[in-house]
Amino acid sequence: MAAARDQLLDAIRALMAAHSPPLHALVVPSEDAHQSEYVSEQDKRREFISGFTGSAGLALITMKEALLWTDGRYFLQATQQLSNCWKLMRMGEDPPVEAWIADNLEDEAVIGINPWCISVDSAQRYEHAFSKKHQTLFQLSSDLVDEVWKDRPPVEPRPVIVHPVEFAGRSVSEKIKELREKLVHEKASAIIITALDEVAWLYNIRGSDVDYSPVVHSYAIVTLHNAFFYVDKRKVTVEVQKYMAGNGIDIREYETVQSDANLLATGKLKSSVDGENDINDNEVGSLKIWIDSGSCCLALYSKLSPDQVLTLQSPIALPKAVKNPTELDGLRKAHIRDGAAVVQYLAWLDNQENYGASGYFNEIKGAHKKENIKGNKLTEVSVSDKLEGFRSIKEHFRGLSFPTISSVGPNAAVIHYKPEANTCSEMDADKIYLCDSGAQYLDGTTDITRTVHFGKPSEHEKSCYTAVLKGHIALDIAVFPNGTTGHSLDILSRAPLWREGLDYRHGTGHGIGSYLNVHEGPHLISFRPSARNVPLQASMTVTDEPGYYEDGSFGIRLENVLICKEANAKFNFGEKGYLSFEHITWAPYQAKLIDTKLLTPVEIEWVNTYHSDCRNILEPYLNEQEKEWLRKATEPVAVSS
């Protein structure tokens, strides 16, 4: 396969040389036309050309070199997956792609890009870097990777589904009314909405165009009086037609968004609903067209005049992130059912004679090295399938929220490891097992990580696990003033690891959708500068997931979903109001991996209270055997003598 990919590089370079003008480099991003993190199979161009399967990364092909940039979550994975023809560029350590191009390519070099797959922000950053050597970012009319991708998966027209208000909590008319008020406030005549989860949230629709994310490949344009929905009409049922018409939304073919953006720019975009323009010819140019330059692609932006564009964060991002009471209630309920599935899974694992056999509680090295019964082999994939089975019978289940990270020993050190049936490892009771998983339910999206050991963990593994747990608790119990960003909170989870000279290369927390994307902005808890942009607010969701990874040996991560809430602080310095967190994820931590000598009395009380709550909340969803397992798993821990 590696040799075949290397031949693809030759084919790409031939196309670059034959292009008019000839291309000195080709940028192949991970994103689709909506700047999505997770994309459909037909949009995985960077994966196809490089062989690297991680969700984040960017490929650059020159006439002599092939380079791949990715972040710290994927350094180890990229090293394993890239052939010798590729060079790994580590984000945060190596120069960014635009700086590398500016420094390494010749004056007046031409760099090709699919303008649908790059954001306005990225394009402008590239153009600024290229200007010093008069290099050009050239918008290609067709994607060169598509030209060599002979068996590219076809587009499947999967149906659009209406998301009921009983789960959404707010009607479409309410959301559009609020959006138009924001347009008026910013003196804008319209907004072009390109992020898939924002279109889904605004119009209360869901779909299955992208695996694990219940979104529809679509755009929206909302003006002061009209609303448009751009989608492959083969996906639109009679029910959806009536629903959209009832909300005053004009359905257009997906591909017409580009020509309609041009009509919008000239004040000539008319709705078939009322046939009226939103603005008259005298007003064209006096009112702005709003885009989010982080999610709007260069292809659409190029249809607008730069002086008529308002580039601000999407006005949908915050309302989507700040959950309404119905969404919060649904998320709590979804996480309870999901926690029950995780407990059922752990209890099942612990009952396997060739693997668990009470190894969750007992420390007996090598106790589970029995011969596997033929056909009963436990692998990273087979056990994760079992976990999906437990989830699939829960109320409102609609699928997984991301590929389950089921990882044993050294594989657990690959932060976003994805096991494959033909190459994955067998379960090994004498090695750490990390399972990061989640599901999509009609009433909420879940994401949970637990790390366990079914044999005898080493003292080093226990001390590392305990350091991660201490960081996990530190964030959970944080109290902080309104206006605090996730950049400020990130250190809380790292400090216990730093004290031991340890750290992790990923962020500490991300927002999570309400039956939407498992990774949701605009807020996050991270060391990255972008975490300074948006303060946390009450009713936002965020994960709490510190970790530690020892290449070639093991990985540890613990993850709960938190809801940000108003804190019951004794004082209110500065009259700012204070915030804290409510955890809504329920599954026990493994007492066997905790070195209680390293915990403070406050931390021990936190663990015991959490375990008591786990027991009380989850027992109604379990059978007697599972209840007994949970009671034992949540027995109070005490300081070791």
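# Close-up views of a predicted model

**View 1. Asp103 and its contacts.** Leaving aside neighbours within four places in sequence, Asp103 touches Lys132 and Lys133. Contact here means heavy atoms within 4.5 Å. Asp103 sits in helix 4. Helices (H or I, at least four residues) and strands (E, at least two) are DSSP runs, numbered from the N terminus. The C-alpha atoms of Asp103 and Val452 are separated by 47 Å. Along the chain these two residues are 349 residues apart. This is a predicted model, where local features need pLDDT of at least 70, side-chain atom pairs count only at pLDDT 80 or more, and totals for chains, interfaces and linings use all residues. Residues are numbered from 1 along each chain as its sequence is written, and side-chain values use heavy atoms, with hydrogens and water left out.

**View 2. The buried residues of helix 4.** Helix 4 spans residues 97–104. Its buried residues are Val97, Glu98, Trp100, Ile101 and Ala102. Buried means under 20% relative accessible area, exposed over 50%, and partly exposed in between (1.4 Å probe, protein chains only). The cover over these residues includes strand 1 (25–29), strand 2 (58–62) and strand 3 (66–70). It also includes strand 4 (87–90), strand 5 (110–113) and helix 5 (120–130).

View 3. An unreviewed UniProt entry gives residues 10–137 as "domain: Creatinase N-terminal". UniProt positions follow the numbering used here, feature names are shortened, and annotations may be inferred rather than shown by experiment. Over residues 10–137 the chain is 32% helix and 20% strand. The end C-alpha atoms are 22 Å apart.

**View 4. Helix 18 against helix 19.** Helix 18 (residues 601–618) and helix 19 (residues 624–633) pack at an angle of about 170°. Their axes are 9 Å apart. Axes are lines fitted to C-alpha atoms, for helices over the stretch in contact, and angles run from 0 to 180 degrees between N-to-C directions. The two helices are therefore roughly antiparallel to each other; that word covers angles over 145 degrees, while under 35 counts as roughly parallel, 65 to 115 as roughly perpendicular and the rest as oblique. Helix 18 makes the contact with His611, Cys614, Arg615 and Leu618. Helix 19 brings Leu630, Arg631 and Ala633.

View 5. The largest nonpolar core has 64 residues. A nonpolar core is a set of buried Ala, Val, Leu, Ile, Met, Phe, Trp, Tyr and Cys residues joined through side-chain atoms within 4.5 Å. Tyr345, Leu349, Tyr355, Met427, Tyr433, Leu618 and Trp629 touch the most other members. Helix 14 (residues 325–350) gives the largest share of this core, 9 residues.

**View 6. Two cis peptide bonds.** The bond from Ser20 to Pro21 is cis, with omega near 0°. Pro21 lies in the loop between helix 1 (2–18) and strand 1. Gly521 and Pro522 are also joined by a cis peptide bond, with omega about 10°. Pro522 belongs to strand 23 (residues 520–525).

View 7. His396 is not a glycine, yet its phi is positive, about 70°. His396 lies in the loop between helix 15 (380–392) and strand 15 (397–400). At 22% relative accessibility, His396 counts as partly exposed. Tyr515, likewise not a glycine, has a positive phi of about 50°. Its loop runs between strand 22 (509–511) and strand 23. Tyr515 counts as buried, at 8% relative accessibility.
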